[in-house]
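This note concerns the pockets of the structure shown below and the surroundings of its ligand.

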Amino acid sequence: MSVLIFADQAEGKIKKAALEAISYGAKVAAQLGTTATALVLGAADQAELAALGNYGATKVLHAADARLHEVETTVYTKVAAAAAEQENAVVIIFPHNFDGKAIAPRLSARLKAGLVAGAISYPDTSNGFVVKKSVFSGKAFANVNITSEKKIISIIPNTFPVATGNGTAAVEAFSPAINDADFKVKVVQTNTLSGEIPLTEAEIIVSGGRGLKGPENWGIVENLAHALGAATASSRPVADAGWRPHHEHVGQTGLTVRPNLYIAIGISGAIQHLAGVNGSKVIVVINKDPEAPFFKAADYGIVGDAFEVVPKLTEAVKKYKGLN
Ligand SMILES: Cc1cc2nc3c(=O)[nH]c(=O)nc-3n(C[C@H](O)[C@H](O)[C@H](O)COP(=O)(O)OP(=O)(O)OC[C@H]3O[C@@H](n4cnc5c(N)ncnc54)[C@H](O)[C@@H]3O)c2cc1C
């Protein structure tokens, strides 16, 4: 019996969301009196794999097959199923990111395992195996009891801490039988955005809405983000209008983010927007309308014109950080 954690990587570097998943999985393993095994697919640095012991993994299965370098979800599901079988995994953990959202449901169907997608709690095993998730765009919580023998949980990034320890994991090569015919799609081109902090992993996000009037004014958002070391995001109409790329749009139909600090500039705070950001630890709202609904969800609010407030805030941050 074990707990298996799917740890995804990009360019050989294990993602932060995966480190959170390993830390979470190690806690669940301790809860169940067993050990945590991480599964890594594609090329990865062996020292970095062994260092996953710092986060609580006792073993790392490394499927280094070159064909696994690009994510192919059906093949990844097959590899995860083989790993779950080999390790006799009773609980399988995924980060609830793009990879996890694509693979966990497929694995759930394959293993006939109950799945809680987007968990925000550790399992409560005092009476069953109950995991909490938020539902109805963050307006309510559901406590879900997984009753199947095998259980799958995908955890919302930026919700659980990354453990800090000094363990070393045993790294084992893992070579399940996969055929070329298993690959149903082929990635022909990848365009990587360089130099940007991935939104779902960002600790701080500065986000702009229609109150900024047009794309030519985005400099004030970017300057503040730059000073804070933050990622930038936007409301949906801003992306729909082509002011910002769609991968920056947060909300019900965009990304769900949970940064430590979310700064909303010129965003009204419609329920569909809040659905993607209301898990943020601290929300700061800058809006010239004191009646803007976003203020109800804010920890701190500044009523004022973004074009006056934001540059002053940026200057204050720079001064505080000695960046001038
Ligand atoms: C099915 C569905 C799904 C949706 N999904 C999403 C989603 O995922 N994400 C999302 O964001 N929206 C989504 N929407 C749209 C959502 O309902 C709102 O229309 C949208 O969030 C509003 O964007 P906004 O706040 O940028 O613009 P607005 O509602 O136009 O608000 C602009 C705000 O800027 C303020 N403002 C104006 N000038 C200034 C100034 N100079 N300084 C400071 N403040 C200023 C105004 O007071 C106002 O509050 C969805 C809608 C539907 C129907």
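1. The second largest pocket has 28 lining residues, and those nearest its centre are S134, G138, I156, T256 and A275. A pocket here is an open set of points, on a 1 Å grid over the protein atoms alone, where a 1.4 Å probe fits, with protein on both sides within 12 Å along at least five of seven lines; lining residues have an atom within 4 Å of a point. Two or more lining residues come from each of α4, β7 (114-119), β8 (130-135) and α7 (271-277). Helices (H or I, at least four residues) and strands (E, at least two) are DSSP runs, numbered from the N terminus.

2. The model is predicted: local features need pLDDT of at least 70 and side-chain atom pairs count only at pLDDT 80 or more, whereas totals for chains, interfaces and linings use all residues. Residues are numbered from 1 along each chain as its sequence is written, and side-chain values use heavy atoms, with hydrogens and water left out.

3. The second largest pocket lies between domain 1 (2-182) and domain 2 (199-321), because both give residues to its lining. The domain bounds come from an automatic or database domain assignment. The volume of this pocket is about 570 Å³, a volume being the space filled by probe spheres set on the points, which are joined across faces, edges and corners.

4. In the lining of the second largest pocket, eleven residues are nonpolar, 14 polar and three charged. Ala, Val, Leu, Ile, Met, Phe, Trp, Tyr, Cys and Pro count as nonpolar, Asp, Glu, Lys and Arg as charged, and the others, Gly among them, as polar.

5. The largest pocket holds about 1,600 Å³ of space. It is lined by 42 residues, and A10, K15, T192, L193 and P198 are the closest to its centre. Helix α1 contributes the most to this lining, with three residues. Domain 1 and domain 2 each provide at least three residues of the lining.

6. What surrounds the ligand? Its shell comprises 26 residues, the closest being S235, T253, S268, Q272 and N287; a residue is near a molecule if one of its heavy atoms lies within 4 Å of it. By class, the shell has six nonpolar, 14 polar and six charged residues.

7. Polar contacts are pairs of N or O atoms within 3.5 Å. A polar side-chain atom of H249 is 3.1 Å from an oxygen atom of the ligand, and a polar backbone atom of G266 lies 3.0 Å from an oxygen atom of the ligand.

Definitions and conventions
A polar contact is a pair of N or O atoms within 3.5 Å; within protein, one must be able to donate a hydrogen and the other to accept it, and residues adjacent in sequence count only if both atoms are side-chain atoms.
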